[in-house]
Amino acid sequence: ARIRIRRTIGQKRVDLAAILTPAELEDYEMRNSPITMRLRGALTLLDASLEEYRAIFRVQQPFADILYPTGPTSFTSEMSRQRTEAQKQVADQLKAILGEQRYTDFARASNYEYQNLHRLAQRDNISIDAINRTYDLRASATQESMRIHDAKLSTDARTSALQALVADTKAK
């Protein structure tokens with residue numbers, strides 16, 4: 001009879017650390033971790049170099065349990081707060097390492113809606129530049145819409161501002 005022993009991720013890491021060098025362990029984790037599974041699509045779209053991938057992995061690894069929880073989890077407001085804080089710390093570190101433009105490219109490539117746009121663009125032979133402009137325009141319009149909703153405006157002023165935003169966005 002076969003006996004199955006279930007090892008937790010932490011136990012498995014301890015076992016691997018005992019037989020691999022630190023560099024080998026990092027290489028193994030970079031290829032097989034939950035972070036890698038989550039980042040694979042974004043890194044492919046980003047066409048990330050090995051150095052960029054290592055930097056992104058190293059920044060995200062300490063936050064893996066918060067950013068990418070495994071197993072059944074019921075989110076609490078405290079977990080949501082911790083995740084928001086972790087996302088901010090990761091973003092700040094990645095901007096410092098990758099630079100503002102490359103970080104923007106990474107953040108865009110990490111977005112599920114952008115990944116869907118990219119798939120549509122490939123299917124319908126639309127240029128990547130066109131989907132980048134479309135995605136960036138959508139993000140800008142969303143941000144401006146939120147600013148309008150948060151502003152202390154009368155109903156008529158808010159409606160007018162939103163209509164102007166719609167017209168401007170359509171024109172672009």
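Predicted model: local features only at pLDDT ≥ 70, side-chain atom pairs only at ≥ 80, totals over all residues.
Reader: How many of the residues of the chain, as a percentage, count as buried?

Author: A residue is buried when its relative accessible area is under 20%. Applied to the 172 residues of the chain, this gives a buried share of 26%.

Reader: Which pattern does the chain follow when read along the sequence?

Author: The secondary structure comprises ten helices and zero strands. Among contacts with a separation of 6 or more, residues 24 or more positions apart account for 50%. Along the sequence, the pattern is α-α-α-α-α-α-α-α-α-α.

Reader: Which elements do the buried residues of H4 pack against?

Author: Helix H4 covers residues 50–60. Its buried residues are Glu 52, Tyr 53, Ala 55, Ile 56, Phe 57, Val 59 and Gln 60. These pack against H2, H3, helix H5 (64–67), H6 and H7.

Reader: How many residues apart in sequence are the parts that the pair of Arg 54 and Asp 27 ties together?

Author: Arg 54 and Asp 27 form a salt bridge, with their closest N and O atoms 3.1 Å apart. Arg 54 belongs to helix H4 and Asp 27 to helix H2 (residues 22–32), so the pair ties together parts separated in sequence by 27 residues.

Reader: In which helix do Asp 105 and Arg 108 both lie?

Author: The side chains of Asp 105 and Arg 108 meet in a salt bridge at 3.9 Å, N to O. Both residues are buried. They are three residues apart, about one turn of the helix, and that helix is H7 (residues 100–110).

Reader: Which residues are linked with Asp 105 and Arg 108 in a network of salt bridges?

Author: A search of the whole structure finds 14 salt bridges. One network of salt bridges contains Asp 105 and Arg 108, and the residues linked with them are Glu 52, Arg 102 and Asp 136.

Reader: Which element gives the largest share of the lining of the second largest pocket?

Author: The second largest pocket is lined by 16 residues, of which Gln 60, Tyr 68, Gln 87, Phe 106 and Ser 110 lie nearest its centre. Helix H3 (34–46), helix H6 (77–98) and H7 are the elements that give two or more residues to this lining. The largest share, five residues, comes from H6.

Reader: How many residues of the lining of the second largest pocket are nonpolar?

Author: The space in this pocket is about 380 Å³. Its lining includes four polar and two charged residues, and the nonpolar residues number ten.

How values were computed:
Residues numbered from 1 in each chain as written. Heavy atoms only, no water. Salt bridge = Lys/Arg side-chain N within 4 Å of Asp/Glu carboxyl O. Helix = DSSP H or I, 4+ residues; strand = E, 2+ residues; numbered from the N terminus. Buried < 20%, exposed > 50% of the residue type's maximum accessible area, 1.4 Å probe, protein only. 1 Å grid on protein atoms, 1.4 Å probe; cavity = no way out; pocket = protein on both sides within 12 Å on 5 of 7 lines; lining within 4 Å. Points joined across faces, edges and corners; volume = space filled by probe spheres on them. Nonpolar A, V, L, I, M, F, W, Y, C, P; charged D, E, K, R; others polar. Contact = heavy atoms within 4.5 Å.
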